[in-house]
Amino acid sequence: MLPKNQKEPRGHVPPTPSKAGASFHVLIAAAGASTRFGTSAPKPYVNLAGMSILRRSILAFLDLPGLQSLRVVYNPAHEALYHEAVRGLSLPAPIAGGKTRQESIYKGLLSFSDIPDEDKILVHDAARPLVQTADLAQILTALQAHDSVCLAAPVVDSLSHANGTRVSRDGLYALQTPQGFGLNALLRAHQHIHKHAPAGPDFSDDTSLFQAATGIAPHFVVSSSANFKITTQQDLIMAQRLLQPPLQTRVGTGFDVHAFDTGGDHVVLGGVRIPHTRALKGHSDADVALHALTDAILGALGEGDIGVHFPPSDAAYKGMDSAHFLAFAHQRVTTRGAMINNVDLTLICENPKIGPHALAMKRRIADILHITPDQIGIKATTTEGLGFTGRGEGIAAQAVVSLSCPCP
Ligand code: MG
């Protein structure tokens, strides 16, 4: 709730580029108790697409031209988590927060010293890690003409009190962070409130406190919709989706043939040993199914074929379990940040019968590729007595695979 003397919002700044070189500092609030979040780790230290929420918030500012310093107000009970979150970043020591957000920001402001009067400060909540560079540029530009600037979202939902009394949404803004001020001016405003209203009200944002102390209403910059506050697990999932790289579907095919030997007592197909009156000839275990599948995966990745990576001339692969080749292809998928959507395999032969072994093949391939059996199709066909497979001279296999790959 804003103090009663707060004026209506005054519109927003049109998009104009920031003037590079304006000196500013950043204070990030990360000292809250995160009681609404429901994870074992405190919210600033929860992983968001590969790094903590706090680190992501810090990185949003670090490359901005004109940045003089960035400080974090934290909870000293989270000391180890904090240091892990800022590992490798060159930051001044964090400041221990207070009992309320207002007190934490005040303590943070007191840690800056010898600041020229023209230097600005952006105060930001760690829980908004997706703040956009374009929004920051607009705030910094607006600060050249205004004493108090607030990133804000026009209210678009209809509003009502719990008792059913409607409230007009016209001219209403939801206040966000960052909020920008002259650093010394904001410090003086906090000192004023600390001295004259130590018992409250407690201000949940700094433009409200600044207005209570100075009478100056904020200038609003309309935020990007990505600048939502991560408050619930659902918010975290939404943020993760926004950070996912765009994916493209890629398809690969593979085909392989191995001839029957004159003797033997089994073949290996799809990673499964199947009793048979003749073995298949080959440098490795001659698993024609896994060879076709390996080629399909390498083909989808555009990374050559099995013979390029495992030359038949290399004695090291003699008698090799073909699961090794397929595991290599899976490793390439993982390295490329890709995922297997599904694979479809067709074995072409008169004998042995494939059907009784199809489930075992699915399970073995699923195990090697770290997918589930329902992502795998195993089919078999004959060629009606025609051709080399029809004459029982060998077995052919063809494979199709679909991958989801990050766009280049
Ligand atoms: Mg082969």
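Predicted model: local features only at pLDDT ≥ 70, side-chain atom pairs only at ≥ 80, totals over all residues.
**Entry 1**

I started with helix α11 (residues 358–369), which lies across β15 and β16 and runs at about 140° to β16.

Next I looked up what α11 packs against among the helices. The axes of helix α10 (residues 323–335) and α11 come within 9 Å and cross at roughly 45°. The two helices are therefore oblique to each other. On the α10 side I listed Ala323, Leu326, Ala327 and His330 in the contact, and on the α11 side Arg364, Ile365, Ile368 and Leu369. Sorted by class, that contact has six nonpolar residues, one polar and one charged.

**Entry 2**

Which order do the strands take here? I get four strands in an open sheet, β12-β17-β15-β16, with mixed pairing. β12 (247–259) and β16 (376–381) are the edge strands, each pairing on one side only. Ignoring direction, neighbouring strands are turned by 15° against each other on average.

I then checked β15 (residues 339–348) against β17 (residues 394–406): they pair in the antiparallel sense over nine bridges. Ile348 stands opposite Ala396 in β17. Helix α8 (residues 288–301) also packs on this sheet, where it touches β12, β15 and β17, and its direction makes about 150° with that of β12.

**Entry 3: the magnesium ion**

Which protein atoms are donors to the magnesium ion? I found Asp256 (OD), His258 (NE2) and His291 (ND1), lying 2.1 to 2.3 Å from the ion. Along the sequence these donor residues are spaced D-x1-H-x32-H.

**Entry 4: the seven-stranded sheet**

Over to the other sheet. Seven strands make an open sheet in the order β5-β4-β1-β6-β10-β7-β11, again with mixed pairing. β5 (95–96) and β11 (219–222) are at the edges with a single partner strand each, so one side of each has no neighbour in the sheet.

Strand β1 (residues 24–30) got a closer look. How many of its residues are buried? Seven of seven, so I wrote it down as mostly covered. Phe24, Val26, Ile28 and Ala30 point one way from β1, His25, Leu27 and Ala29 point the other way, and all are buried.

For the neighbours of β1, I noted seven bridges to strand β4 (residues 67–74), running parallel, with Ala30 opposite Tyr74 in β4. Six bridges join β1 to β6, also parallel, and there Leu27 stands opposite Val123 in β6.

Parallel or antiparallel for β7 and β10? Strand β7 (residues 148–154) and strand β10 (residues 173–182) pair in the antiparallel sense over six bridges, and Ala153 stands opposite Ala174 in β10. Helix α6 (residues 206–214) lies across β6 (120–125), β7 and β10, running at about 65° to β10.

**Entry 5: helix α1**

Seven of its 10 residues are buried, so α1 is largely enclosed by the rest of the structure. I wrote the buried ones down as Ile53, Leu54, Arg56, Ser57, Ile58, Ala60 and Phe61.

Key:
Residues numbered from 1 in each chain as written. Heavy atoms only, no water. Pairing = 2+ DSSP bridges. Contact = heavy atoms within 4.5 Å. Axes fitted to C-alpha atoms, helices over the stretch in contact; angles between N-to-C directions. Donors = N, O, S within 2.8 Å, 3.2 Å for Na, K, Ca; no water. Parallel < 35°, antiparallel > 145°, perpendicular 65-115°, else oblique. Nonpolar A, V, L, I, M, F, W, Y, C, P; charged D, E, K, R; others polar. Buried < 20%, exposed > 50% of the residue type's maximum accessible area, 1.4 Å probe, protein only.
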